[in-house]
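The following questions and answers concern the architecture of one protein chain. They may be read alongside the sequence and the coordinates.

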Amino acid sequence: MTDFVEQCRAEWKRLGVADPLAEEMARDLAADLREAEAEGVSAEELLGSDLYDPASFAATWAAERGVVPEAPGRRNARRTPIVLLAFTVVAAITLIVAALLLATGEPKLSLVASKARSPHLAPLPPGAVSPPRIEHTVATASAATPIEWILLILALLAVCFAGWLWSSWARSRPSIAHA
């Protein structure tokens, strides 16, 4: 197992871990391996597939202890909340706008219907023409109501989807252990 520890030590040196800290980590690793061996646990059981990739094991351990910067893959995982935040904000604003449009009923549409009716007066002499009476009926309605309802439903679904994304992102975040 000293070969595994030496390969880890070389990786820590390559990563720029300070010598005293690298020595401490190497001593801890060697002690853990000896202790596991004394208890009858093989190195493969203790380290899993990391036993065959000491450089990756050393880099991960150093990053978890906070002595080297995180791996590039983890930095990209931190960008996800910015995208989620933007999506959530757009969905929330859309939801608010749709709700306000429905509440105010804007824009309004006015419909005017005209109908000519004959007056109900006494009969006129033959040959006389009576002027027709024109009635106007005005009806107002919101022209965009169906579109506003569709927008409201889609925005509500988007906000729910954003909530689900936030909860799944929080569960899948790698935990960072500091030593």
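Q: In which hand does helix 1 pass helix 4?
A: In this predicted model, the axes of helix 1 (residues 2–15) and helix 4 (residues 54–65) come within 8 Å and cross at roughly 55°. Helix 1 is therefore oblique to helix 4. The crossing of helix 1 past helix 4 is right-handed.

Q: Which residues of helix 4 make the contact with helix 1, and how does the contact divide by class?
A: Helix 1 contributes Phe4, Gln7, Cys8, Glu11, Trp12 and Leu15. From helix 4 come Pro54, Ala55, Phe57, Ala58, Ala59, Trp61 and Ala62. By class, the contact of helix 1 with helix 4 has eleven nonpolar, one polar and one charged residues.

Q: How is helix 2 oriented to helix 4: roughly parallel or roughly perpendicular?
A: The axes of helix 2 (residues 19–38) and helix 4 come within 12 Å and cross at roughly 115°. Angles of 65 to 115 degrees count as roughly perpendicular. Helix 2 is therefore, relative to helix 4, roughly perpendicular.

Q: How many charged residues are in the contact of helix 2 with helix 4?
A: The crossing of this pair, helix 2 and helix 4, is right-handed. The contact is made by Leu21, Glu24, Met25, Asp28 and Leu29 of helix 2 together with Phe57, Trp61, Ala62 and Arg65 of helix 4. These residues divide into six nonpolar, no polar and three charged.

Q: Are helix 1 and helix 2 roughly parallel or roughly antiparallel to each other?
A: Helix 1 and helix 2 pack at an angle of about 155°, with their axes 10 Å apart. Angles over 145 degrees count as roughly antiparallel. The relation of helix 1 to helix 2 is therefore roughly antiparallel.

Q: How many nonpolar residues are in the contact of helix 1 with helix 2?
A: Helix 1 passes helix 2 in a right-handed crossing. The contact joins Phe4, Val5, Cys8, Arg9 and Trp12 of helix 1 to Ala22, Glu23, Met25, Ala26, Leu29, Ala30 and Leu33 of helix 2. By class there are no polar residues, two charged and, as nonpolar, ten.

Q: Is Ala36 buried or exposed?
A: Ala36 has its place in helix 2. Its relative accessible area is 7%, and residues under 20% count as buried. Ala36 is therefore buried.

Q: With which residues is Ala36 in contact, leaving aside its neighbours within four places in sequence?
A: The C-alpha atoms of Ala36 and Leu46 are separated by 7.2 Å, and the two residues are ten apart along the chain. Leaving aside neighbours within four places in sequence, the contacts of Ala36 are Val41 and Leu46.

Q: Which residues does Leu152 contact, leaving aside its neighbours within four places in sequence?
A: Leu152 lies in helix 6 (residues 145–172) and is buried, with a relative accessible area of 16%. Thr94 is 58 residues from Leu152 in sequence, yet 7.6 Å from it, C-alpha to C-alpha. Beyond neighbours within four places in sequence, Leu152 is in contact with Leu95, Ala98, Ala99 and Leu102.

Q: What pattern does the chain follow along the sequence?
A: The secondary structure comes to six helices and two strands. Read along the sequence, the pattern is α-α-α-α-α-β-β-α.

Q: What percentage of the residues of the chain count as buried?
A: The accessible surface of the chain comes to about 12,600 Å², and 64% of it belongs to carbon and sulfur atoms. Of the 179 residues, the share that count as buried is 21%.

Notes:
Residues numbered from 1 in each chain as written. Predicted model: local features only at pLDDT ≥ 70, side-chain atom pairs only at ≥ 80, totals over all residues. Heavy atoms only, no water. Helix = DSSP H or I, 4+ residues; strand = E, 2+ residues; numbered from the N terminus. Buried < 20%, exposed > 50% of the residue type's maximum accessible area, 1.4 Å probe, protein only. Areas by Shrake-Rupley, 256 points an atom, 1.4 Å probe, with all protein chains shown as cover. Axes fitted to C-alpha atoms, helices over the stretch in contact; angles between N-to-C directions. Parallel < 35°, antiparallel > 145°, perpendicular 65-115°, else oblique. Left-handed = near helix turned anticlockwise from the far one by under 90°. Contact = heavy atoms within 4.5 Å. Nonpolar A, V, L, I, M, F, W, Y, C, P; charged D, E, K, R; others polar.
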